[in-house]
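Subject: Structure for your files

Hello,

Here is the structure I said I would pass on. My notes on it follow below.

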Amino acid sequence: MTPLAEKLRIELSQRPQQFSELVDAHREVPWRTFLQAWGSLRAANILKRDEDGNYTV
Amino acid sequence: MKRSFRDFVTELEAADEVVTINKPVDLRDVSALISQSDKAVMFRNVKEYEDWRVIGNLVSTRRRLALAMGSTENDVALRFEEGVRRPIDPVLITKAPCQEVVRTGADVDLTAIPYPLMHKLDGGPYISATCVVSKDPEFGRNVGSYRLMYRTPTETGIDLVSPSDMRRYYQRALDAGRPLEIAVAVGVHPYELLAASYKAPIDVDEYAIAGGLHRHPVELVKCKTVDLEVPADAELVLEGELIPIGWTADEGPFGEFSHISGDVKWNPIFRVKAITHRRDPIFYLLQMPWENDWLCAPVVEAAGLQALRAASVQPVAIRAPVGACGYFTLIASIRKRAGEGKNALLALLSVAEVKLAIVTDEDINIHDPDQIDWALTFRVQADQDVIVVSGARGKHVDPSVRAWELGKGKLPTTAKLGIDATIGEGIPRKFHRRLEYYRANDVKLQDYL
C-alpha cells in the first residue's frame, strides 16, 4: 500500500467520508496518483459503505 | 456515409455549438465547468492527460440532439423510429482506429484514461457514455449502455441492477459459474448510443438499428482479448469480463438521470483485460442529467410510437418531456376513433418504465405545455378518463418506489397513471370550437403602426 493509501485508510478509520471529501482533502496530489492509491485500498478489500454512501474501513 | 463521433463533433463546431478551452485544466474541475456552459465544451489541455481531449455536453439540448439525428427538433422520434424499422446489418473490418493503441496485461491502467469525478455524492469517478456489448450462447449479441465506477486500475463497478438483456446474460453466466465477457466502446456517434439505449427484442442486433439510423452499415472490429465486436471508429474500448460474483459489490451513488443522487447499489465487477484507443483519443464525458435525458427522449418516444401503431392507433405527435427525464412520461396526440383514447393509454403505459401517459387529440400541439393544460382541463372527467395500473415494472432511480426496502439485486414495481384528454365520446365537436377574432385574417396591426 502506498503512503497516500495508508493516509486515506487512517482518515477513513477516523470518520466515514464521501469520496469527494477525500478528493478535496488531497487536491495537491495528482489525480492519477490519488486514483492509484484508492485502487490499492479497494484491492485490499477493506472498504465498507454506510447508508449515506460514505466510505468507512 | 456512416458518421463517427468525431464527425458529429465537427458538425457541432460548424454550427457554433462547441466552446473550446485551451487553458490547462485539472480533470477534477471539468464536470463543474461543463455544467456552466450552454454549449458543448471541448478541453484540449487536461493536466496529466496530454494525449487526450475531453468533451461533454454534446447533446444536452434538443437542438443539438436534432443535429445529431439529422432532423427537426420535433421529428427526432420519427427519425429514430425510421432507423428502428429499417435495420442494416453491420460489417466486419480488420483494421480499426479504435485499436491504434493496444494495452494488455500489465499495461492495463484505467487511471491513464481521464476518468472523471462528476457529481459531489458519487461513489467514485465514472464513465457513463458507454456502448457495452456482450453475447449469450443462445440469444446472441446484445448492446446496451451501463455506467462504470472506477475501483482499481483494472476493475470497475457496473450498474446492472435494472432489467435488461445483459442482466439476463449475466444471470445465465452466473448460474453456469462462468464470467461474462463484455466490451465497452466510449466515444461513439449518438446513433450507437441511442441504439444501445433502445429496448430492442432480445433477438434484435442493436448494431443493425444503429446502421438503420446511419442509413449505412456500422463497421465493427473484433476485440483483441474477448470474442466480441465493437464499433471500429470508437475513441476508446475496454475489454474484459464480468466476474461471477453476482450482485455483491458496492457501486454508486451516482448522480442519476432523474436529477437525484442515487443510493449505494450492489452490483457485479468488471475486470478489464485490455484497453484500446485511437492515437489521439477524445474522451466523451456524458454527465447527468440533461445530456442523458435528451438521449433518452427519442428512444422512449419511438417506443411509444411503435406501441401505438401495434395497438392500431394512429399517432400524430409524441413527446417524452425532459422534465420527466425524457423517460417517465409520454404525451401523444392521436387521430382518434371511438375508444382509442383508452387504447392509446394502455399502449403508452406498456412502454418501459413510463409511469404517466397523456393522450389528446390531433388539434392539440403537444409541444406547447399551455395547450396540454387546456386539454387536461376541458377534455377530462377524472372519474371516466383516468386509468391507474398498480404493480407494474418500476425503476430504482424513482424514490417513490422505495427500492431501498428491497434486497440486493431485487426489482421494484410502480403504479402507472394514464389520462385520456381526448374529446369524450358523444360530446359534439361544436363544444370544442376555438374562439377566433372577427376579421382576424383580413386586417394587420402592422398596417396601423
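Chain B has 11 helices and 23 strands; helices (H or I, at least four residues) and strands (E, at least two) are DSSP runs, numbered from the N terminus. This is a predicted model, in which local features need pLDDT of at least 70 and side-chain atom pairs count only at pLDDT 80 or more, while totals for chains, interfaces and linings use all residues. Residues are numbered from 1 along each chain as its sequence is written, and chains are lettered from A and ligands numbered from 1 in the order in which they are written.

Overall form of chain B

Along the principal axes, the C-alpha atoms of chain B fill a box of roughly 80 × 60 × 40 Å. Of its 449 residues, 53% count as buried. A residue is buried if 20 or more other C-beta atoms lie within 10 Å of its own, exposed if 12 or fewer, and partly exposed in between, with C-beta atoms placed from the backbone. Of the contacts in chain B with a separation of 6 or more, 67% are between residues 24 or more positions apart; a contact requires C-beta atoms, placed from the backbone, to lie within 7 Å.

Strands of chain B

Strands β1 (residues 18-21) and β2 (residues 40-43) of chain B pair in the parallel sense over four bridges, where pairing requires at least two DSSP bridges between two strands. One of the bridges sets V19(B) against V41(B) in β2(B). Helix α2 (residues 27-35) of chain B carries the chain from β1(B) to β2(B), and this β-α-β crossover is right-handed: with the strands pointing away from the viewer, the path from the first strand over the helix to the second runs clockwise.

V41(B), in strand β2 of chain B, is buried, with 21 other C-beta atoms within 10 Å. Leaving out residues up to four places away in sequence, V41(B) touches V19(B), I21(B), L33(B), I34(B), I55(B), G56(B) and N57(B). From V41(B) to N57(B) is 16 residues in sequence and 6.4 Å in space, C-alpha to C-alpha.

An open sheet of three strands in chain B has the order β4-β12-β13, with mixed pairing. Its edges are β4 (91-93) and β13 (229-231) of chain B; each has a single partner strand, so one side of each is left without a neighbour in the sheet. On average, neighbouring strands of this sheet are turned by 45° against each other, direction ignored; the axes are lines fitted to C-alpha atoms, for helices over the stretch in contact, and angles run from 0 to 180 degrees between N-to-C directions. Strand β12 (residues 219-222) of chain B runs antiparallel to β13(B), joined by three bridges, and L220(B) has P231(B) as its bridge partner in β13(B).

Two covered helices of chain B

Helix α7 (residues 206-214) of chain B has nine of its nine residues buried. These pack against α4 (76-85), β8 (140-144), α6 (190-197) and β12 of chain B. After α7(B) comes R215(B), with a positive phi near 60°.

Helix α9 (residues 340-349) of chain B is largely enclosed by the rest of the structure, because seven of its 10 residues are buried. Among them are E340(B), A344(B) and L348(B). The buried residues of α9(B) pack against α8 (290-310), β20 (329-335), β21 (356-361), β22 (386-393) and β23 (413-421) of chain B.

Chain A and the contact

Chain A has three helices and two strands, in the order α-α-α-β-β from the N terminus. Its radius of gyration is 10 Å, close to the 10 Å that the globule rule gives for 57 residues, so chain A is as compact as a globular protein of that length. Buried residues make up 26% of chain A.

The contact between the chains takes 18 residues from chain B and 14 residues from chain A. On the chain B side, α2 and β9 (148-152) each supply at least two residues, and β9(B) gives the most, with three. By class, that side has eight nonpolar, four polar and six charged residues. Here Ala, Val, Leu, Ile, Met, Phe, Trp, Tyr, Cys and Pro count as nonpolar, Asp, Glu, Lys and Arg as charged, and the others, Gly among them, as polar.

Regards

Technical notes. Contact = placed C-beta atoms within 7 Å. Rg over C-alpha atoms; globule rule 2.2 N^0.38 Å.
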